[in-house]
Amino acid sequence: MATEHQLLSTAEHETMPGKYVRPESQRPRLTEVISDARIPVVDLASPDRAVVVSAIGDACRTHGFFQVQNHGIDASLITAVLAVAQDFFRLPAEEKAKLYSDDPARKMRLSTSFNVRKEAVHNWRDYLRLHCHPLDQFVPDWPSNPASFKEIMSTYCREVRELGFRLYSAISESLGLEEGYIKKTLGEQEQHMAVNFYPRCPEPELTYGLPAHTDPNALTILLMDDQVAGLQVLNDGKWIAVNPQPGALVINIGDQLQALSNGKYRSVWHRAVVNSDKERMSVASFLCPCNSVELGPAAKLITDETPAVYKNYTYDEYYKKFWSRNLDQEHCLELFRT
Ligand code: OGA
Ligand code: NI
């Protein structure tokens, strides 16, 4: 049943409903967040490929996150994506209600929080989830309002996919694998998108936009609002704020690349916090392995000194496990250790 009143973006909230309030021990403690740290920034246009490859390898090992500049996606396209995403969330409630679903199995859904059917406490986020590959199969079901939505988002999806594959080459090389290894091993990749909308929140200290989680897929490319911060990454036991760099995209290693790298590269905990002044948007693109391929550590990275840390499994098994849990439980990959 479509129940639009569950969406946050259909009303202004002067007070915070109790179902969003975290117990004391689980709150974000925003004053303890490190705000002046910087996650690594990699210039993809650097003429020295070896430098790019080693910078990416270092970032994957130490932070599991990095920002890329000169990534080849036009600034005007990025601006258009954020604008059309914002217009989408500003549509009237009746229009959005038509797309609402809280069924995680739906390939296209406008939803709220993370998994409203299962959670005890909700998150201060609405999101539009889309499947993006192959485009001709999924785009017909995407929102047709705003009128330019399909065209702008499909152009962006195509470019993000290419960028993802270029990053796979560099990541493969940085692990000492053949350049085409990751792309080949993950099979015909699915691609999903979450258009996240975090409304202004009256009590940001009591809740999350997204609580701490790791991404279950292989690689995530995040386009963030460059005016409003909100993403935070766990590093050495401390939460650090990711300050948006104009024009940059944020890349993070998902659980499947942690497994493939046999634990060398890290799919780190991250979260989105909200604020009381400004709404915030982000557009996350998830590259996901083919459902049926066998995943696990690359054979070349399993040695006597570094035995396999993870079992082999299919993405289908992994993804089902991920969505059957709460977002902020133990690292899902822990369930797939040898
Ligand atoms: C995600 C995510 C962070 C953000 O969608 O998986 O981590 O800043 N988003 O929106
Ligand atoms: Ni995430």
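This is a predicted model: local features need pLDDT of at least 70, side-chain atom pairs count only at pLDDT 80 or more; totals for chains, interfaces and linings use all residues.
**Conventions.** I number residues from 1 along each chain as its sequence is written, and take chains as lettered from A and ligands as numbered from 1 in written order. Local features need pLDDT of at least 70, side-chain atom pairs count only at pLDDT 80 or more, totals for chains, interfaces and linings use all residues, and side-chain values use heavy atoms, with hydrogens and water left out.

**Nickel ion (ligand 2).** I looked up the protein donors (N, O and S atoms within 2.8 Å of the metal, or 3.2 Å for Na, K and Ca; water is not among the atoms, so sites may look incomplete). They are H213 (NE2), D215 (OD) and H270 (NE2), lying 2.1 Å from the ion. I noted their spacing as H-x1-D-x54-H. H213 belongs to strand β6 (residues 210-213) and H270 to strand β11 (residues 270-272), 57 residues apart; strands are DSSP runs of E, at least two residues, numbered from the N terminus. I found both H213 and H270 buried (under 20% relative accessible area, 1.4 Å probe, protein chains only).

**Ligand 1.** I then listed the residues around ligand 1 (a heavy atom within 4 Å); among them are N196, L222, R280 and F286. Strand β12 (280-288) gives the most to this shell, with four residues. I checked oxygen atoms of ligand 1 against polar side-chain atoms: Y198 lies at 2.7 Å, H270 at 3.0 Å and H213 at 3.1 Å. Taken alone, ligand 1 exposes 290 Å², of which the protein buries 96% (Shrake-Rupley method, 1.4 Å probe).

Notes: Buried means under 20% relative accessible area, exposed over 50%, partly exposed in between (1.4 Å probe, protein chains only). A polar contact is a pair of N or O atoms within 3.5 Å; within protein, one must be able to donate a hydrogen and the other to accept it, and residues adjacent in sequence count only if both atoms are side-chain atoms.
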